[in-house]
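Okay, let's get going. Have a look at the chain on the screen, and I'll talk you through the sheet and then the cores.

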Amino acid sequence: MLERNQTTNLTAIRDPAMAWERLILASLALLDAHDFEGTERVVDVGSGAGLPGIPLKLALPGLRLTLIESDLRKAEFLEDVVAEMSLEDVTVEARRAEEVGRDPEHRETYDVAVTRAAAKAPVAAEYCLPLVRNGGVLLAQARMADWKAAGRALGHLGGRISGEVGGVVIVAKVRDTRAEYPRRVGVPTKKPL
């Protein structure tokens, strides 16, 4: 990741020790926030450098993982990592989350959605919750205050905050997301719920 970061902007962190702590170990904090069985269908929205999805996959090889990344250079990096590490049951979607959230193959089919820095809380919720099945969870590495302020958006999208563990906000999917969400590409960012 750090080697490829020299030509593709994957992370602002350049120091290997800091990258290990702030990126890899922080990704694994999701294991403390949710009781994974190890066979879930997981989607990483705004995956960037593959965080937190790839460290989760390495910790729990039985996960079926989809990495969503709209930046084509970053998506190419993810495809290279998946191939080089011979990761099974990992796919890369080089599309916008709004498009994937309307695709019947992906809509409300994931047990767990994870996101690290995809967008501000109301926007990230609109990107992620349409992908999560009723009864599933969204795990957001973010500040709880930001997600509490997004309560209205969560209500529209079928989610409810159920807790926070070690910097991971846990949003339970309590009902199906209404058909009009996610809105078309660009709208969630311009007009957050």
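So, E6 and E7 make a hairpin with two residues between them, and Gly-166 in that turn has a positive phi of about 55 degrees. This is a predicted model, where local features need pLDDT of at least 70, side-chain atom pairs count only at pLDDT 80 or more, and totals for chains, interfaces and linings use all residues. Numbering starts from 1 along each chain as its sequence is written, and side-chain values use heavy atoms, with hydrogens and water left out.

Strands are DSSP runs of E, at least two residues, helices are runs of H or I, at least four, and both are numbered from the N terminus. Two strands pair if DSSP finds at least two bridges between them.

E6 (residues 159–165) and E7 (residues 168–173) run antiparallel, joined by six bridges; Arg-160 has Ala-172 as its bridge partner in E7.

E1 (residues 41–45) and E4 (residues 110–115) pair in the parallel sense over four bridges, and Val-45 has Thr-115 as its bridge partner in E4.

Now, which residues have the most contacts inside the largest nonpolar core? Val-45 and Trp-147, in a core of 27 residues. Such a core is a set of buried Ala, Val, Leu, Ile, Met, Phe, Trp, Tyr and Cys residues joined through side-chain atoms within 4.5 Å, buried being under 20% relative accessible area with a 1.4 Å probe, protein chains only. H6 (121–128) gives the most to this core, with six residues.

How values were computed
Buried means under 20% relative accessible area, exposed over 50%, partly exposed in between (1.4 Å probe, protein chains only).
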